[in-house]
Structure formats: C-alpha cells, structure tokens
Amino acid sequence: MVNDFPILGNDGESIYSNPDELLDLFLNCTADGVAIIDMENRFIRINHMYTVIFGYTEEQVIGRKFTDFQNPEEVKCIIKLVKLGKIYSNVITQRYHQDGSVLDISVSYSPFRNSKGKIIAVLAIFRDMTEFKSMERELRKTRELYDLITGNTTDMIKVFTKDQTVIYASPSHEKALGYSPMQLVGKTCGTHIYLGRERKV
C-alpha cells in the first residue's frame, strides 16, 4: 500500500508530500550515479553524480537510448530481463568516460514500477570503483613481483603476524630444510620442525 503521509519536520510542518519532490531529493542526495531508462531504452532521468562519473551533461544524455553509448554486450540482455522483473546487484563491469578513459563500475539494475506495480522503466545505480580496482591491480602486480623474487632466491624468507605466526615462507625452505612452505605456514616462531617432528621451545 502506498504511504500517503507527508514527511514531517520537528515542528510538524510538512516538508515533502510530492512524490516527484521526494524523487528529486533522493537523486540529488545519493553518492551513486542514478539513471532511469524507459521501456523504449531512452534515458528519462539522471542525477548529478551520473554526470560526475561519466562526464556527460544531462542535456547530452536525456532522450538518447542507452545503446547510443558504449556498453558491454551483456547490458542489452540484462536490460531486457530487468523489464521482465529480474534484479541484478553489483555487476562489476567496465564503461567509458566521455573522454574515452576506461572506468571500473559496479552497477545494479532493478525494475521501476508505478503505483499499480507495473514496470514502467529500469532503474540503474552506478558506483565508480576505478580507484579501488586500480589499487587492487597494483597490489596484485606487487604480489606477483614479490612471489617472483622470493621464488628465485636462495634466502629463506618468512613473514610473521604480530603473534609470530608464519603467514608466508619462501620456496627456498624446501630446498634447504626439506619442508614445503605449506608445512611452515600456520606455525609460530616458537615451533621448530626438527627431524620430521614438531618441537616446542
């Protein structure tokens, strides 16, 4: 059932009673980019954060079809299924900024229904993950480089947690001591592996 009560301020005065006003409030206050696409695939609403993320102005987007912009091929299929009632949450994808740069985007799609429950549009919510994904890729490269270095050194390298538990041991341990890194991970520095058995010191 639709809630017909207005949102009231502390003094009981009505602040928002118009649904369009509430929609504008939501669109303008959310930290994510939001787009509403009608059943003919045209953009009918976008918020300010959408323009910030993708670099297009509202005038450049409204009235155009989403297919006028570069999208991964699977987006067409997703939009069709959302029009039938399916919901997609946090789909990680790559999109393009107006300047041509690649963006890592998390996007959620859901049906936009009227008061009678009929699907009249598609709601898409975009979150820019570019910085996070860039850091993730850099960390992966660093880890790969670290593995390359430790995998080819004769020095025995261990990494410990604060409680002195081994969380990494270089492959050189197996050549020097006969124990694989996996046999050492999880041990504490107070545990010595000696002649095939564990001994606490």
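Tutor: Contact means that heavy atoms come within 4.5 Å. This is a predicted model: local features need pLDDT of at least 70, side-chain atom pairs count only at pLDDT 80 or more, and totals for chains, interfaces and linings use all residues. Residues are numbered from 1 along each chain as its sequence is written, and side-chain values use heavy atoms, leaving out hydrogens and water.

Student: Which residues does Ile-105 touch?

Tutor: Leave out residues up to four places away in sequence. Ile-105 then touches Ile-53, Phe-54, Val-91, Ile-92, Thr-93, Arg-95, Phe-126, Arg-127, Asp-128 and Met-129.

Student: What makes E5 and E6 a pair of strands?

Tutor: Strands are DSSP runs of E, at least two residues, and helices are runs of H or I, at least four, numbered from the N terminus. Two strands pair if DSSP finds at least two bridges between them. E5 (88-96) and E6 (102-113) have seven, in the antiparallel sense. So they pass the cut-off of at least two bridges. Thr-93 stands opposite Ile-105 in E6. The two strands form a hairpin with five residues between them, and Gly-100 in the turn has a positive phi of about 95°.

Student: What is the strand order of the sheet?

Tutor: The open sheet has five strands, E4-E3-E7-E6-E5, with antiparallel pairing. E4 and E5 each have a single partner strand, so one side of each is left without a neighbour in the sheet. E3 and E4 pair over three bridges, and Ala-35 has Ile-46 in E4 as its bridge partner.

Student: Why are the buried residues of H4 said to line one face?

Tutor: Buried means under 20% relative accessible area; exposed is over 50%, and partly exposed lies in between (1.4 Å probe, protein chains only). In H4 (74-83), the buried residues are Val-75, Ile-78, Ile-79, Val-82 and Lys-83. The arc is that of the directions from the helix axis to the C-beta atoms. These residues fall within 135°, so they line one face of the helix. Their cover includes E3 (33-38), E5, E6 and E7 (119-128).

Student: What makes a set of residues a nonpolar core?

Tutor: Its members are buried Ala, Val, Leu, Ile, Met, Phe, Trp, Tyr and Cys residues, joined through side-chain atoms within 4.5 Å. The largest here has 23 residues. Among those with the most contacts inside it are Phe-43, Tyr-50, Phe-54 and Ile-105. E3, E4 (43-46), H2 (48-54), H4, E6 and E7 each supply at least two of its residues. Another core, of five residues, lies apart from it and includes Leu-27 and Val-34.
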